[in-house]
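Reader: Could you walk me through a few local features of this one, starting wherever you like? I'd like to ask questions as we go.

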Amino acid sequence: MSEEEADFDVIIIGCGMAGMACAAQLLKEGVEGDRILVVDRGEPVGAKNLSGGILWGRELDELDDIFPNWEMDNPGIERYINNKKIGFLSSDDAFIMEGKFASWDGIGGTSEPSMRTGWSVLRARTDAWFAEKLEEAGVFIMPGIKIDQLNIEGLDHTSYTARDLTSPAEDSGRGKNQKWRISNFDPEIVDAIRNGKIRGIVQDGEVMTSNVVVIAEGSNSILTRSYAFDSMIHAQDRHGIILGVKEVIHLGEEEINSRFGCYSGDDERPPSGMAMEAALAIFDDMAEKAWEEYPVTAGLVPRAGGWLYTNKDTLSIGVVIQLDSLPSGIHTYDMLAAYKAHPAIAPLIRGGETVEYGAHLVPEYGLDRMPTRLVRDGAVVIGDAAGLVYSNGAVIQGQNYSIHSGKLAAKVIANCIGSGDFSEKALGQYKKDLDASYVMRDLKRFKTTAKFLADDANYTWVPKFMGTMFNRVVREIGEEKITVEKQAMRLRKEMRRKDRKTKKGMGLLNLIRLGMMGRKL
Amino acid sequence: MTEKAKIGLFEYDVKNGLGLIGYNVDEHEHAHIIVDTKKCGDCDSMMCVWGCPAQCYQFRDVGLDEMKFQYEDCVECGTCFLMCTDGALSWNHPRGGFGITYTYG
């Protein structure tokens with residue numbers, strides 16, 4: 001088959017941030033549009049896509065010959081962010097830090113480099129526009145297409161089905177001993193699926209060949225797991241995976257402007273907006289009831305964050321939940337209800353009409369949880385499917401990493417098209433480039449962050465401590481004034497008396513440990 | 001505020017939320033998630049029930065003796081596939097053209 005010309009040079013699976021950037025960069029590298037096929041499950045493209053969502057970073061600037069005037073013309077780029085808030089919410093209180101930066105307006109005249117740095121986005125809309133522009137540039141876009149299998153050279157695709165890859169075997173064990181139906185197949189077939197040359201895709205029984213397949217399928221990465229870029233068991237471990245549950249609430253442009261202190265855009269800028277993220281310690285009562293009813297997970301503290309972003313005439317609001325911290329007895333969507341009802345949040349969304357509900361996984365794996373390989377003979381994995389997300393609570397990046405990985409892959413693939421070598425070794429340059437890029441640099445430099453974010457302290461006593469401290473330092477109710485240090489010592493003592501868990505959590509060694517991790521954020 | 005919310009227990013009207021998403025539901029024979037509910041019997045954590053943001057799984061939480069699964073409301077997030085430790089789940093995306101449609105995202 002390799003002797004014949006492939007149907008396409010490149011087939012890209014998924015037209016999200018990673019896939020669309022890869023296609024655009026391929027065009028920039030001189031690959032003909034009609035040699036690139038982009039397939040997407042959504043119809044129209046973007047219909048399956050959802051993010052929090054803020055797009056940070058100016059990755060799109062480099063692609064503006066394909067996506068001209070993207071900041072103003074893309075209907076899903078809602079507001080640029082010049083107002084960032086980081087909060088700590090406990091059941092009673094909220095302590096929220098706020099920054100409002102003139103330099104983020106990007107109009108010059110400030111002491112900091114003046115640049116718009118982030119935008120609220122609605123992905124069903126942004127991605128439909130990206131697809132439209134790629135199509136105008138000559139790329140084949142096929143919406144409403146789900147890829148069942150990858151085409152492996154020398155392997156008849158009818159010798160197994162997509163279901164065999166993701167269904168437990170009859171003789172499967174439980175937990176770590178899970179086995180998939182495919183493992184009981186002829187070892188030659190299994191080996192071809194895991195290590196053979198990938199040469200295109202299979203959809204509805206029909207093979208389309210390509211020299212390279214780019215897997216940009218997103219966080220629910222069925223193909224990446226099935227085709228052994230990662231072991232299914234490794235990928236199925238829910239440690240390090242987050243579920244985002246979200247609402248879009250319509251409030252009207254004017255109301256958002258006045259409620260959040262934003263201003264309307266002009267010819268050069270979209271309207272300005274606010275991005276808030278918060279650590280949540282607001283589920284005490286829910287957790288206690290859950291522990292009582294389901295002792296099997298008693299003591300498990302839901303580690304969750306909340307966000308609120310302004311779009312042009314809507315708000316994006318939601319919670320992210322670390323799935324390995326969810327106790328039995330708490331529904332993820334009920335956590336969204338608790339967040340929406342919090343006294344610091346409720347007034348901000350009051351009077352709004354919910355216009356959409358949705359949920360999506362976030363692959364905030366950290367380094368140790370990324371797929372074990374990102375390159376195979378004839379295929380690469382980019383974006384969320386590759387686990388390229390970083391967050392330390394204050395900085396949350398993923399969409400820009402996706403774009404960057406797409407660009408890096410495209411540059412390597414363009415070279416491979418030139419040389420005609422699509423081997424794992426040749427395509428492996430992508431992994432090297434990724435390792436050398438700011439994406440992996442960030443992930444490596446801040447590798448302790450995942451541990452810090454998985455520490456119960458941030459979802460129990462830390463938000464409570466912050467809120468109560470601030471309250472006591474700034475209030476005036478006739479009590480004797482003491483220094484901040486004394487106030488902190490006193491509060492710590494008081495809180496440690498409450499229960500054994502807090503006593504241990506606020507112990508000196510634990511504080512030192514947290515501080516050590518916190519320094520590396 | 002409901003009585004439950006007053007004591008710190010909140011309930012989200014998930015059916016209302018799901019009603020805001022566009023669906024094109026495929027026929028039963030093409031259901032994208034298949035649950036072998038026989039394997040769910042002695043599962044005591046029922047993590048699919050708690051994790052699923054679309055209430056596709058109902059079991060002892062609502063007083064049922066048997067796992068009741070429906071794929072129709074699924075938002076295709078993949079959480080249940082990660083949550084199940086009993087090998088009861090077979091997961092795939094819906095066929096092209098079927099499943100959810102977000103208009104905001």
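Author: Let me start with D204(A), which sits in the loop between strand 9 (198-203) and strand 10 (206-208) of chain A. Please keep in mind throughout that this is a predicted model.

Reader: OK, and what is phi of D204(A) near?

Author: Phi of D204(A) is near 55°, which is a positive value in a residue other than glycine. For context, most residues other than glycine have a negative phi.

Reader: Is D204(A) buried or exposed?

Author: D204(A) counts as exposed, because 10 other C-beta atoms lie within 10 Å, and the cut-off for that class is 12 or fewer.

Reader: Let's move to chain B. Where is M46(B) placed, and what is its phi near?

Author: M46(B) is found in the loop between strand 2 (33-35) and helix 3 of chain B, and its phi, near 45°, is again a positive value in a residue other than glycine.

Reader: And why does M46(B) count as buried?

Author: M46(B) counts as buried because it has 22 C-beta neighbours inside 10 Å, where the class begins at 20 or more.

Reader: Switching to peptide bonds, which residues of chain A are joined by a cis bond?

Author: One cis peptide bond joins E43(A) and P44(A), with omega at about 0°, and another joins G52(A) and G53(A), with omega at about -5°. P44(A) lies in the loop between strand 2 (36-39) and strand 3 (54-56) of chain A, and G53(A) is likewise placed in the loop between strand 2 and strand 3.

Reader: Now the helices: at what angle do helix 12 and helix 14 of chain A pack?

Author: Helix 12 (residues 399-419) and helix 14 (residues 429-436) of chain A pack at about 140°, with their axes 9 Å apart. The crossing of helix 12 of chain A past helix 14 of chain A is right-handed.

Reader: Which residues make that contact?

Author: From helix 12 of chain A there are S405(A), L408(A), A409(A) and V412(A), and from helix 14 of chain A there are Q429(A), Y430(A), D433(A) and L434(A). By class, this contact has 5 nonpolar, 2 polar and 1 charged residues.

Reader: Last topic: how many residues of chain B are in contact with chain A?

Author: There are 43 residues of chain B in contact with 62 residues of chain A. Helix 4 of chain B gives the largest share of chain B's side, 4 residues, and by class that side has 22 nonpolar, 16 polar and 5 charged residues.

Technical notes
Residues are numbered from 1 along each chain as its sequence is written. Chains are lettered from A and ligands numbered from 1 in the order in which they are written. This is a predicted model: local features need pLDDT of at least 70, side-chain atom pairs count only at pLDDT 80 or more; totals for chains, interfaces and linings use all residues. Two residues are in contact if their C-beta atoms, placed from the backbone, lie within 7 Å. Helices (H or I, at least four residues) and strands (E, at least two) are DSSP runs, numbered from the N terminus. Ala, Val, Leu, Ile, Met, Phe, Trp, Tyr, Cys and Pro count as nonpolar, Asp, Glu, Lys and Arg as charged, and the others, Gly among them, as polar. Axes are lines fitted to C-alpha atoms, for helices over the stretch in contact, and angles run from 0 to 180 degrees between N-to-C directions. A crossing is left-handed if the near helix is turned anticlockwise from the far one by less than a right angle, and right-handed if clockwise.
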